[in-house]
Amino acid sequence: MNFEFLKDNYGIEKEIFDIVENKSKNLRNVFETYEQIKENNQIKIINSFMKNKLSQSDFSYSTGYGYGDSGRDKTEKIFADIFKTEDALVRPIISSGTHAISISLNALLKSGEKMLSISDHPYDTLLEVIGIKGNEYGNLISRGIIYDSVSLIDNKFDFEAIKSKIENTKLVYIQRSTGYGLKRAITIREIEEAVEYVKRINPNILVMVDNCYGEFTEDREPTEVGVDICAGSLIKNPGGGIALSGGYIVGSRKIVDMVSNILYAPGLGKETGMTFDMTRSTLQGLFFAPHVTHEALKSAILFCEIYSDLGFEVYPKNKDPRSDIIQSIVFNDSKKSIAFVQGIQKAATVGAHVIPYPWDMPGYSDKVIMASGGFVDGSSIELSADGPLREPYVAYYQGGIVFEQAKLACMITLQNMKDNNLLKI
Ligand SMILES: *Cc1c(COP(=O)(O)O)cnc(C)c1O
């Protein structure tokens, strides 16, 4: 990068420029170790487009009930193919990852049945879906569903505790990604072990994975190692920064039918539902997804290395395996985490001139500060960061469709903290 340009336009000092520039050069070997994953996923997706004979005519769409939308049906065949499941539900009207997970849990669990989360409590927004927090109507607990959870120990499943709580369990729930926790993501290999363990106790227990932020960070997806159902958001990894909205669910035909009946209506299921001219962007996003996820991984690794060198606690640590695109940095000081997130916003594509402040977000229990300046509002596969305003004041960095922007963002965050006397460099 051109130092003079960065100095003139962003006030970046030479020391900060050198730290980030040298680190990105030194990390090239590390980045290369992720190339093979990108290539394998990329070829898998291209091959699925070919196998399913993707055609220009699939980009047209029907109106009204949405009957006979060939592009919608093909998109779902392609997702099922990539995730190696019988079927998929991929819809722009699924508004988020939370929505996708919520309809799945509601479809699969009846009154009196038990959900056991084995990777701590799930992500913040799901606490209201379950009914642990908030006082909303229609949550799982209010519908008579029993919920329990098992904590991880040193980032590993606690199989003893799982065994002691698994009796009468209908659905075991795993969150692959970090969420708002201080831990690394759970790897596919670890998910595989957990599935084997649970199914050995009772093969009828369904295993569900919240796959948000995990897609295409490894060679295999959870549904390739025995997981029954995965759900996620299209404005994260699998949308490649192109999808405008949406969520996906992959699993057996029966499971996908059950979820479709909740999203639409029994009898209508996945035969209906308009796609609002979104098929092209959904599939183009999927096409870019492995590449974009790779850029996001490189960006996370850069932030990890730079901030851990400066003495901050980070998760994952630099030698930890990665199975999502999140990088958490522990600031132990709200001023620092706010300065960091505001620094990320200054590097945004859209809205770099806006200064974010902490605010009450729907579904989150503490105030959260979010930097999110992408082409798609709220899209966190694009350069973004968020920090819940609670101790130990962690900022979660993610995304970055092009690595160069993440480099710029990294320099700006350091400069922003230094200028506010929050960091000595
Ligand atoms: C993002 C995310 C979700 C869902 O969040 P939405 O903003 O509703 O898409 C769920 N679980 C995890 C781990 C996530 O990172």
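Which residue has a polar side-chain atom 2.5 Å from a nitrogen atom of the ligand? In this predicted model, that residue is D210. Two further side chains come into the picture through oxygen atoms of the ligand: an N or O atom in the side chain of T98 is 2.5 Å from one such oxygen, and for the side chain of K236 the distance from an N or O atom to a ligand oxygen is 3.2 Å. The protein covers much of the ligand's surface, burying 89% of the 370 Å² that the ligand exposes when taken alone.

The space that the ligand takes is the largest pocket. Around the ligand are S96, G97, T98, Y123, Q175, D210, C212, Y213, S233 and K236. Sorted by class, this shell holds five polar, three nonpolar and two charged residues.

A search of the whole structure turns up one cavity of 30 Å³ or more, and the volume of the largest cavity is about 60 Å³. Its lining is made up of G71, R72, T75, V90, R91, P92, T275, M278, T279 and T282. Two or more of the lining residues come from each of α5 (70-82), β1 (87-91) and α11 (279-309). Of the elements involved, α5 gives the largest share, with three residues. By class, the lining of the largest cavity divides into five polar, three nonpolar and two charged residues.

Note on methods
Residues numbered from 1 in each chain as written. Predicted model: local features only at pLDDT ≥ 70, side-chain atom pairs only at ≥ 80, totals over all residues. Heavy atoms only, no water. Near = heavy atom within 4 Å. Polar contact = N/O pair within 3.5 Å; in protein donor to acceptor, adjacent residues only side chain to side chain. Areas by Shrake-Rupley, 256 points an atom, 1.4 Å probe, with all protein chains shown as cover. 1 Å grid on protein atoms, 1.4 Å probe; cavity = no way out; pocket = protein on both sides within 12 Å on 5 of 7 lines; lining within 4 Å. Sits in = over half its atoms within 2 Å of the grid points. Nonpolar A, V, L, I, M, F, W, Y, C, P; charged D, E, K, R; others polar. Points joined across faces, edges and corners; volume = space filled by probe spheres on them. Helix = DSSP H or I, 4+ residues; strand = E, 2+ residues; numbered from the N terminus.
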